[in-house]
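Opened the model today to jot down a few things.

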Amino acid sequence: MNGLPQPPGNRLVGHLWRWTTDPVGLLEAGAGTGEVFQLRLWRPVVVGYRPDWNRAVLSDLETFRNAGSLSDLTPYLAAGVVHSDVPAHDQRRRALNLHLHAGRVQEWTGRLREVVARQLPRGRFEAVAWAERVVRGMLNAVLFGDAVPERLLARFLAPLQRSIPAPLLPRPRLFRRMEAAIGAVVADPVPGTLAAALVGVDGSAGAGEASDAALGTADAVEELRVMLAAGYDTTTYTLAWALWYLAAAPRWRAPDLLPAVIDEVTRLYPAGWIGSRVVSRDVQVCGVELPTGTLVVYSPYLTHRDPRLWPEPLCFRPERFAAGRPAWGFIPFAAGRRSCLGACLARAVLRVALEPFCAGELVRVGGDATLKAGVTLRPRGPLWISWTPPQGLT
Ligand code: HEM
């Protein structure tokens, strides 16, 4: 590991200062030094971004483990399935996967459409604030049947929208209030919601699966809280960016083209811009020796902007997906057995929220779309957009 290339840093504090002020610039500088490089943060970190690095780090769950990784730094993610490792992780994922696959998510389309219809903006609006509201509403509808008070939901999720260290601070009282609210939902869940499915009261698991698929009350509460947090800011910022691009690209404003638009937005702006693991045994990856205990990082952001995989990577060109995608080179939702649990739900939320804007007049007004990286990648904002609905909808 010693001898790996590094971007320029300070002799005393290494890369820590730049990490806190300009982490994306630091990653880009590191990628310029080599395909696998080292950063000196509060501890050494080894970063790679080529497909063979992604394959190794994301597919060998015994060697590359989540416990002790960067997600442990925030109470929002240091719990539930995110925090577990094999073999417990496999068992929990199997149970959760049964409720979040494409077919199941499809059943929620009507609920999602209702939320969007209630919140459609008119005229000039700020896309990030609108996306925050509508994604909160959509997650509340699908997970809890709208039963969690919007004010509590907004308060619980607000720190995720603020700069670091806000999302990393413990908030035991707020978490207890949120867990009590989710607990009340789980005790008497609205039929057809994810809460009902997780505790097995809506028969959604199907014959023979019920015992595997239902969770105990405490586990269901914890998993729902983690899904809420993992799904909120990620989906919100992706939606804001997608609107921003759609407003400047009329030819992509058609419902059947939205999946390619969503792919391209998540390529350019993967909300999960880095992911990390801790190495559980000495291992060699891409010719680099990684001793037990090493913190390793994969970066969808760097992978998605590698011109060897994505020609003219900075251009917004949804048509590029017609040619397929490079293996382990398109990972906005990671990949493998611990890829994003909510990927189908996130895509459905994005599609349903964007659909209305395919009709009428959508125009970029102005704002600041430069990148800002915290726990997730977001546009600095504001992003002002104007939408005039088609006649008949006004
Ligand atoms: C555009 C929106 C989203 C993006 C870009 C995204 C991205 C990701 C990524 C990259 C990972 C892997 C993290 C790692 O390697 O440590 C992940 C995991 C996860 N995501 Fe998402 N996500 C999104 C939406 C959602 C939603 C809506 C949910 C709610 C169900 C969700 C729940 C989860 C969970 C529970 C995990 C952990 C899975 C595991 O460890 O087995 N995500 N997501």
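My notes follow, and I kept in mind throughout that this is a predicted model.

**Ligand shell.** I looked up what sits around the ligand and got 25 residues. Gly 231, Gly 272, Gly 275, Cys 340 and Gly 342 are the closest. By type, I have 14 nonpolar, 9 polar and 2 charged residues in that shell. Then I asked which helices supply at least two residues each. I found helix H4 (80-83), helix H13 (217-246) and helix H16 (343-354). H13 gives the largest share, with 7 residues.

**Helix H10.** I checked the length of H10 (residues 172-187) next. Which residues of H10 are buried? I got Met 178, Ile 182, Val 185 and Val 186. They take up an arc of only 95° around the axis, so they lie on the same side of H10. The buried residues pack against helix H8 (127-144), helix H9 (150-161), helix H11 (194-198) and H13. H13 is also the helix with the largest share of the ligand shell.

**Sheet.** I traced 5 strands in an open, mixed sheet, ordered E1-E2-E8-E5-E3. E1 (36-40) and E3 (64-65) are the edge strands with a single partner each, so one side of each has no neighbour in the sheet. I also looked at E2 (residues 44-48) and E8 (residues 295-298), which pair in the parallel sense over 4 bridges. Val 45 stands opposite Leu 295 in E8.

Notes
Residues numbered from 1 in each chain as written. Predicted model: local features only at pLDDT ≥ 70, side-chain atom pairs only at ≥ 80, totals over all residues. Near = placed C-beta within 6 Å. Nonpolar A, V, L, I, M, F, W, Y, C, P; charged D, E, K, R; others polar. Buried ≥ 20, exposed ≤ 12 C-beta atoms within 10 Å, placed from the backbone. Arc of directions from axis to C-beta. Contact = placed C-beta atoms within 7 Å. Pairing = 2+ DSSP bridges.
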